[in-house]
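Hi,

Here is the structure we talked about. Please open it next to this email and follow along.

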Amino acid sequence: MTKATQTPVPRTPRGQRVKHDTATPKKSTPKPKPTPKATPKAKADEPKTPKDKQKLSTDSAPSAKRRKKTDGDLESRVFFNSRLNAHEADTEQFLPTREDRQLYDAARSAAALEEAKVTGCAVDASTPASTPGAVSVGYRVKKIRIGSYEIDSWYISPYPDEYSRHPLLYICEFCLKYMKSSYTYTRHCQKCTLRHPPGDEIYRDGSISVFEVDGRKNKIYCQNLCLMGKMFLDTKTLYYDVEPFLFYILCEYDARGYHFAGYYSKEKRSVQGYNLSCIMILPSKQREGYGKLLIEFSYLLSKKEGVSGSPEKPLSDFGLLSYRSYWRRAVYEILLHVGERARVVTIDAVSRKTGMTVDDVISTLQTDGMLQRKGVSYAIVVDKARIERFVELAREKAPRRIDSSKLRWAPFLTKNTTVVQEDDGDISV
């Protein structure tokens, strides 16, 4: 018996299967290695890769053959459904030349000088008008056209630069949109459908109406209103942040609609208890009693809310004169009316009756010399003849007054206060 000889199985890497051949392996003869072919040496200037070829083609000037080929490609293309040929579609022929730029600079300088003659302000001709700094600080709107009136402005208003460069600005009296030219203004008046302020009419007495406009609901209208108001108010700083404010618009009514005459604004939530932030009457509507009418209306709303109110400080010159005149008239009427029934009147009672704050009542009495010190306390000394003479002169002028029975309004914010009743007995002590 002879033992069978086993051939050893070669080891393979893990993961691979090898077929086992029981036959005896054949001896492999090594193949001769191929001799490498000799390649020509690349020239130094010839690009080796396609990227180098592309770079070389962009850096070098196009040859005549290549130019002819691109011209042929342009002629073979279709531009705008064959409506333009290659020459008409080539936009490089319309690039500005040096002569074109010189003509443009000369025309711009001439236009700047012409505009400086019209407006009377210096203009920097080296800076384009559309960039910041082209309009000098001296630019401002000198006049506005609103309705049938052309009014001179008193102060600078921050209108956009393209509008501030025009000495005359056109404003729609219904929507208060501002325009630069009379043609645009005429076209707008024909198309504008608004005939009253975009708010609720809360008061109407004859031809006089007052509208309440919310700054959050009608933001564009209130911004235009503030920009126009700044032209006649020196201390006004609010232009675009109108959402926390309510605006009360005074209008005159006729067959064409409600024409703007003036307005006042107040905060929705005033921490200091202000019932008026700013007040403005158009110069064309001044000397008609509209200022005191709006002041009386603001105190009527304060009494409706059951609180005392005061205007926001500091007041403008015209505002201070109007308020002092109104405070004197309101306090004198209360003293004259109550003096016939009672001999003693308190400052708190006058404040509740008029809607004024205690500080405003005291300042009015001190200005007229009716508050005198007696020992530790103070006393109101009433000169009845003086008060009667003042009230009689005020009634002869027939001023415009507010009729509280024609108010249709509810407070914007409800407070836990009781409304003061119109009772004369509350004021006597």
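The largest pocket is lined by 33 residues. Start at its centre: Arg287, Gly291, Lys292, Phe318 and Ser322 are the lining residues that lie nearest to that point. Keep in mind that this is a predicted model. The volume of the largest pocket is about 1100 Å³.

Which elements give two or more residues to the lining? They are β10 (278–281), α8 (290–305), α9 (317–339) and α12 (384–396). Of these, α9 gives the most, with seven residues. Sorted by class, the lining has 16 nonpolar residues, nine charged ones and eight polar ones.

Next, a pair of helices. Two packed helices are described by the distance between their axes and the angle between them. Look at α10 (residues 347–354) and α11 (residues 358–367). Their axes come within 9 Å and cross at roughly 110 degrees. Angles of 65 to 115 degrees count as roughly perpendicular, and α10 and α11 are therefore roughly perpendicular to each other. Their crossing is right-handed.

Which residues make the contact? From α10 come Ile347, Asp348, Val350 and Ser351. From α11 come Val358, Val361 and Ile362. By class, this contact has five nonpolar residues, one polar and one charged.

Last, two spots in the backbone.

- Lysine 313 to proline 314: this peptide bond is cis, with omega near 0 degrees. Proline 314 is in the loop between β11 (310–311) and α9.
- Leucine 176: its phi is near 65 degrees. That is a positive value in a residue other than glycine. Where is leucine 176 found? Look in the loop between β3 (168–171) and β4 (178–179).

Find each place in the viewer as you read. Send me any questions.

Best wishes

How values were computed
Residues are numbered from 1 along each chain as its sequence is written. This is a predicted model: local features need pLDDT of at least 70, side-chain atom pairs count only at pLDDT 80 or more; totals for chains, interfaces and linings use all residues. Side-chain values use heavy atoms; hydrogens and water are left out. Axes are lines fitted to C-alpha atoms, for helices over the stretch in contact, and angles run from 0 to 180 degrees between N-to-C directions. Helices (H or I, at least four residues) and strands (E, at least two) are DSSP runs, numbered from the N terminus. Angles under 35 degrees count as roughly parallel, over 145 as roughly antiparallel, 65 to 115 as roughly perpendicular and the rest as oblique. A crossing is left-handed if the near helix is turned anticlockwise from the far one by less than a right angle, and right-handed if clockwise. Contact means heavy atoms within 4.5 Å. Ala, Val, Leu, Ile, Met, Phe, Trp, Tyr, Cys and Pro count as nonpolar, Asp, Glu, Lys and Arg as charged, and the others, Gly among them, as polar. On a 1 Å grid over the protein atoms alone, a cavity is a set of points where a 1.4 Å probe fits but cannot get out, and a pocket is an open set with protein on both sides within 12 Å along at least five of seven lines; lining residues have an atom within 4 Å of a point. Grid points are joined across faces, edges and corners, and a volume is the space filled by probe spheres set on the points.
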